[in-house]
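Please read them with the model open.

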Amino acid sequence: MDMQQMVQQLNKWAYEYYVLDNPSVADTVYDALYDQLVLLEKQTGIVLPDSPTHRVGGETLKEFSQHKHLKRLYSLDKVQSFGELSQWMEKVQKQLGNVQFSLELKYDGLTINVTYDQGKFVGAATRGKGIVGEDVTEQVKTIKTVPLSIPYTGLCEIQGEGIMKLSNLEKYNKKHPNDQLKNARNGVAGAIRNLNPKVTAERNLDVVFYSLGYSEGMQIGSQSQLVDFLKSCQMLTSNEFAVVETFEQAKAQIEKIGQMRPHFDFLIDGVVVKVNDFELREQLGYTDKFPKWAVAFKFDAEQVATTLLDVDWQVGRTGKLTPVGLLEPVELCGATIGRATLNNFGDITRKNLHKNALVFVRRSNDVIPEVLGSAEQGGVAIEKPTHCPACGSQLQEVGAHLFCTNAENCRPQIVARISHYCSKNACDIDGLSDKTVEQLVDCLGISSVADLYTLTTEQLLTLEGFKQRKANNIVSAIDKSKSVNLERFIFALGLDNVGSVTAKDLATKYGSVEALSQASKESLLEIDGIGEIVAEGIVQYFQEQQNVEIVQKLQNIGIDPQLSETKVGVFTGKKIVLTGSLQNYTRSQATKLIEENGGEVSSSVSKSVNLVIAGAEAGSKLAKAHALGIDVITEEQFQQMLEQN
Ligand SMILES: [Zn+2]
C-alpha cells in the first residue's frame, strides 16, 4: 500500500467511525495502519495534505490572524412563536406564490466557515461580525468530521456549526475532574478560539454543515441539493431535515423536533426555516442584517427568574455535600422546575445568592436546571453548614467542597453506596431501586454492600409492599451478582472519580482486585486519562481499613471477579437492544448469539445503544430508537449478519 492509499483508507475508516457512526474495523486495526503511516511520513519527510496525522494539532499559535470571508456571513432573523412563523411564511408566499421551505436543526455552538480549494481543506475561520473572522485553520483541522479533501475541486466556502456532543462533554469532564467544562457551548467556543490546537483536538468536536457561502461555478439549486452535496463530501449534516409546503406541515415538524430535543446528543436552540430554492431566495434578497428568505424558530427562552426559597444540602456516596436550591416552581422549556443545583458553597458566594431573593435559572444541557446568578439585591444570607445535616458530624472542607467523613454511619452515604453497587453499570442487581435500598437500610439494618448477601426471603417479606415473588426475585438477583466481572465490580466499589470507563481501564491493566489494591500512584498515572487526583483517590481508597474489610467480606462470600474475555465478532463493541417478538429465537438464544459474537445486550434504549433488533409488534422501545436515530434491523437482517460472520 503506498502513502496515498494509506491516507485514503484511514480517512475512509474515520468517516465510517465519526460521520456514519458505523465503524467497519476495530480501533486496533485503524491504529496499526495509522502508526505505519506516521513511520512512513517520518522516513520520507512527506506529509500529504489530507493525511490524518494533521488531526493531532500543531504548535501553539502566538495570536489569531484575520480571515476575510469570500462572501459575507449573515445571521438569521428570529421568530419566537408559531404565530410569528405563520406570518413570515405568509409574507414569503405572497411574494413568491407556493414555495417549498426546508427545515433543519439550529445547532447551538460556534459558527465556522471552511474554505476548500482544488479539493483540499485550505482554511477555516470564525464568523466574526460576518465580514472578517478569526483564522482558526489549525484548530479546525483537528476536528475529525471536517473532511481534509472533498470531491469538488473549485474554490468554495462552506459554513457549519462547531458542536461538542453531550456524550463527549461527559467523557471529557470525567477525564478532567479538575477542569470541568460548564456546558457544551462553552466547550466548543473555548476549544476553537484557543491558540493551542491540541486543546481543540482533545475536546472531540464535530462540525455540522448547512450552508454554501461562496462557490466557483457550483451547480446547486436548492437546500435539499446542498444537503446531498455535503453528504457526498462526507460531511455531517442536520440530523433532521425536511421540506414542507404549508405552515401546518412546518408546525408539525417543529413540534416533533421539540419532542425529540431532550434525547439529542447535542444542543439545539431552534429550527431554521429557509426557502428551499436558491433562485427564489435571490428574488427576496437581504435586509442589512438578515436574509429575507430564512428565519430561526427559537425554542422557549432559556432562562427565567424565580425566588430561591431555601437550600437543601444533600450528602452523596462519597460524603460530599451538594447544595440544591429549592425554588418557587416555574415553567422552563416545557417543564416545571422546583429545584436546581448550586454546585458548591464557593459557587453560592461567587454568584452572590441569597434566600428569599430572585435568581436566574437555566436548564444547562437542557437536562439539569442550574442557578445562573442572582437577579435582585437583598434577601437572607445562606450560611455555610458546619455539621452534616444527616448525621450531625463535623464537616471537613476540601477545596471548594464540604465533606461528611462519617462514612460508616451516615445514612445517605450508606444508601447511596449500596444503590451505586446495585446500579445498571455496576452489579446490575434487578429490583433494588433507591427506595427499596432505603427500606433495607432502615428496616433490616443493612449497612454495607456485603450485608446484601445475607438477606433472606423471610426478611424481605417483613417489608412493606413485598410479596413472595418479589422477594424471591431479589434474593436470586443478588445471588446472580456474585458472578459479576472485574470491570463492573471495580466500578461498583464506588471509588472517587472512577466511572465505568476508568474501571474498565483499571481492570484491563491490573487483572484483579488484589493487584489494583497494591497499585502505586506512579503505575496508575501510566493509564491514559488517569490524572493525579484520580490516582491519589484510588490509592487512598485501598488504604482505608473499612474499604479493605468490605472487599475482604465480598471475597469471603465467594465473589471472585474476573476480567471478562472480549469476544470478537460481528457485534464487537456494540450495545444492542432486543424488542418485539422474534420468530426463530427465544430472547435468551438471541442474547447468547449476540454475546458470543462480541456484543452486549441492554434492556433499555438509550443514547449509548448502537443497534436495535426489532421483532414483530415492537412498541415503545422501537419508537424511542427512531427518536434517538439508532439503527434498527429486522430479525432477517440479524440472521444475515450472523451468517456473514
Ligand atoms: Zn453525615
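1. Start with Lys12, which counts as partly exposed because its relative accessibility is 44% (buried means under 20% relative accessible area, exposed over 50%, partly exposed in between, with a 1.4 Å probe and protein chains only). The model is predicted: local features need pLDDT of at least 70, side-chain atom pairs count only at pLDDT 80 or more, and totals for chains, interfaces and linings use all residues. Residues are numbered from 1 along each chain as its sequence is written, and side-chain values use heavy atoms, with hydrogens and water left out.

2. The partner of Lys12 is Glu16, and their side chains form a salt bridge at 3.1 Å, N to O (a side-chain nitrogen of Lys or Arg within 4 Å of a carboxyl oxygen of Asp or Glu). Both residues belong to helix 1 (residues 3-19) and are four residues apart, about one turn of the helix (helices are DSSP runs of H or I with at least four residues, numbered from the N terminus). Glu16 has 11% relative accessibility and so counts as buried.

3. A salt bridge also joins Lys592 to Glu596, at 3.6 Å from N to O. The two lie in helix 22 (residues 587-596), again four residues apart, about one turn of the helix. Lys592 is exposed at 52% relative accessible area, while Glu596 is partly exposed at 39%.

4. Salt bridges with shared partners connect Lys106, Asp269 and Lys298 into one network. Lys482 pairs with Asp479, with 3.3 Å between the closest N and O atoms. Lys482 is partly exposed at 28%, and Asp479 is partly exposed at 44%. The count of salt bridges comes to 25.

5. How many aromatic pairs does a search of the whole structure find? The search gives 16 (rings of Phe, Tyr and Trp, the last by its six-membered ring, with centres within 6.5 Å; planes under 30 degrees apart are stacked, over 60 edge-to-face, the rest tilted). Phe264 and Phe266 have ring centres 4.9 Å apart and planes at 15°, so this pair is stacked. Both Phe264 and Phe266 are buried.

6. Phe297 and Phe299 make an edge-to-face pair, 6.2 Å centre to centre with 80° between the planes.

7. The charged end of Lys251 sits over the ring of Phe82, 5.4 Å from its centre (NZ of Lys or CZ of Arg within 6 Å of the ring centre and within 35 degrees of the ring normal). Lys470 likewise has its charged end over the ring of Phe466, 4.3 Å from the ring centre.
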